[in-house]
Amino acid sequence: MIQTFELYSMSYKESRIEYFRAQKAHCERCLDYWVKALRKGKRGYSQIMLEDKCATYGMMINYYEDAINAFGGENNG
């Protein structure tokens with residue numbers, strides 16, 4: 001069986017939006033982890049540290065969302 005591949009050239013604008021989407025998705029996964037840790041009262045971490053991690057990743061998600069919207073990507077995903 002022969003595999004075929006199609007090359008796709010991404011513009012700078014598309015690449016920039018995709019970068020911020022990927023960063024936002026990463027922060028969402030991190031936030032999910034820390035929220036679960038907060039709910040479980042994960043050993044080795046203080047309540048304040050867990051809340052701080054959640055707040056930090058929540059802010060980062062908002063920053064990336066703002067960047068995506070500023071670059072015109074709000075309707076693309």
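Burial cut-offs before anything else: buried is under 20% relative accessible area, exposed is over 50%, and partly exposed lies in between (1.4 Å probe, protein chains only). I looked up Cys27, and at 1% relative accessibility Cys27 counts as buried. Cys54 is buried too, with a relative accessible area of 14%. Over the protein's 77 residues, 21% count as buried.

A note on provenance: this is a predicted model, where local features need pLDDT of at least 70, side-chain atom pairs count only at pLDDT 80 or more, and totals for chains, interfaces and linings use all residues. Residues are numbered from 1 along each chain as its sequence is written, and side-chain values use heavy atoms, with hydrogens and water left out.

Next, disulfides (pairs of cysteine sulfur atoms within 2.5 Å). I found zero in the structure. Cys54 is in no disulfide either, as its nearest cysteine sulfur, that of Cys30, is 11 Å away.

Then overall form. I get two helices and zero strands, both being DSSP runs numbered from the N terminus (helices H or I, at least four residues; strands E, at least two). The C-alpha atoms fill a box of roughly 50 × 40 × 15 Å along the principal axes.

Last entry, contacts (heavy atoms within 4.5 Å). Of those with a separation of 6 or more, 62% come from residues 24 or more positions apart.
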